[in-house]
Each structure stands twice: as structure tokens, then as C-alpha cells.
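Thanks for coming. I have one structure to go through today, and I will keep it short. Please look at the chain on the screen first.

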Amino acid sequence: SEHDDALHDFGDVISSQKEINDLRSQLGRLQVECQHWKQAAASAEERLGPPQGASGCHGDGDEMVFLRLQLQELKGSLRVEREQHQREATALQTLHGEKLQAMAHRHRREMEEMQEQLQAHHTHSSDGLSVTHNMEEIDSLPEAQPKHEALEKY
């Protein structure tokens with residue numbers, strides 16, 4: 001009937017109007033996004049200059065090429081920075097390991113020297129003092145204090 005056709009037509013009009021509104025809204029968002037990327041590209045070009053071989057942005061295709069070149073340059077810079085940081089970290093790890101080895105070697109040498117001093121003191125002692133008393137004497141010597149304190153840390 002005519003009434004049903006009118007309702008159907010009215011429904012189509014409302015549906016079409018809703019679709020038009022959705023498309024307008026999407027167009028507005030895309031325009032804002034496009035403007036954002038244009039500003040980002042212009043800002044990057046101001047800071048870094050145009051990419052090699054580019055004479056500026058004159059159209060959508062040129063902008064895409066410019067942005068792709070800019071992205072490649074930034075990725076390359078990031079890769080170089082990462083490699084540099086990795087080399088620095090490796091150098092620091094190597095240096096740290098060498099210092100730890102030197103400290104361990106010095107610690108062993110000082111321990112051996114102290115044991116030799118203790119042994120020499122013990123064998124040269126003729127007054128019959130106990131080893132415990134001799135150790136207390138060695139610990140009380142001013143030059144033994146820093147070594148003894150350093151050894152307690154380990």
C-alpha cells in the first residue's frame with residue numbers, strides 16, 4: 001500500500017542521511033589526521049631539512065615519498081644509535097670484568113702475603129705466645145687494618 005511505501009521511503013531517507021552523516025564525520029577525522037601529518041612532515045623538514053633527492057612536498061604522492069624517506073633516515077639513525085650503545089655496553093662490561101679480575105688477583109696476593117707474615121711471625125716468635133694472640137697482634141698493626149676490613153667485605 002501507499003502508506004507502507006511511504007514508510008519504506010522514509011526509512012531509506014533516514015538510513016541514507018545516517019550514512020551521509022557517518023561519511024562526513026569520517027571525512028572530518030581524515031582531514032584532521034591529514035593536517036596533523038602535514039604539520040609533522042613540515043616540522044621534520046624544518047629540523048632535518050628535506051631528504052636527499054627531495055625538493056619539497058608538492059602533492060600527496062610527493063608527501064608520501066618524503067615521509068617514507070624521512071622514516072628510512074630515522075630508522076637508520078636509530079640503528080646506528082643502538083649499535084653505538086651496544087658497543088659502549090660491551091666495552092663497559094669488558095672493563096668491569098677486567099677490574100674484577102685485578103681486584104681478585106690483588107686480594108689473593110694480599111692474603112698470601114698476610115699468611116706468609118703470620119707464618120714468619122709464628123716461627124720467629126720465641127716467647128711461646130699462642131697463634132690466637134699472634135693473630136691479634138697482626139690485626140692490631142696499622143697496616144693490617146685496611147686489609148683486614150677489606151677482606152671482611154668478601
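This is a predicted model: local features need pLDDT of at least 70, side-chain atom pairs count only at pLDDT 80 or more; totals for chains, interfaces and linings use all residues.

Start with the fold. The protein chain has four helices and zero strands. Read from the N terminus, the order of elements is therefore simply α-α-α-α. There are 154 residues in the protein chain, and buried ones make up 10% of them. The accessible surface comes to about 12,900 Å². Carbon and sulfur atoms account for 56% of that surface. As for contacts, take those between residues at least 6 apart in sequence: 34% of them join residues at least 24 apart.

Next, charge pairing. In general, side chains of opposite charge can pair when their charged atoms come close. How many salt bridges does the count come to here? The count is one. The partners are Lys 18 and Asp 22, with 3.3 Å from N to O. That falls inside the 4 Å cut-off, so the pair qualifies. Where do these two sit relative to each other along the helix? Both are in helix H1, which covers residues 2–48, and because they are four residues apart, about one helical turn separates them. Is Lys 18 buried or exposed? Lys 18 is exposed, at 53% relative accessible area. Asp 22, at 42%, counts as partly exposed.

The largest pocket holds about 330 Å³. Its lining consists of 14 residues, and the ones closest to the centre are Trp 37, Ala 41, Glu 63, Met 64 and Leu 67. Which elements give two or more residues to that lining? They are H1 and helix H2, the latter spanning 60–124. Sorted by class, the lining of the largest pocket has nine nonpolar residues, four charged and one polar.

What does Leu 48 touch, leaving out residues up to four places away in sequence? The answer is Gln 70 and Leu 74. Between Leu 48 and Gln 70 there are 22 positions in sequence, and their C-alpha atoms lie 9.0 Å apart in space.

Conventions:
Residues are numbered from 1 along each chain as its sequence is written. Side-chain values use heavy atoms; hydrogens and water are left out. A salt bridge is a side-chain nitrogen of Lys or Arg within 4 Å of a carboxyl oxygen of Asp or Glu. Buried means under 20% relative accessible area, exposed over 50%, partly exposed in between (1.4 Å probe, protein chains only). Contact means heavy atoms within 4.5 Å. Accessible areas come from the Shrake-Rupley method with a 1.4 Å probe; for residues, only the protein chains shown count as cover. On a 1 Å grid over the protein atoms alone, a cavity is a set of points where a 1.4 Å probe fits but cannot get out, and a pocket is an open set with protein on both sides within 12 Å along at least five of seven lines; lining residues have an atom within 4 Å of a point. Grid points are joined across faces, edges and corners, and a volume is the space filled by probe spheres set on the points. Ala, Val, Leu, Ile, Met, Phe, Trp, Tyr, Cys and Pro count as nonpolar, Asp, Glu, Lys and Arg as charged, and the others, Gly among them, as polar.
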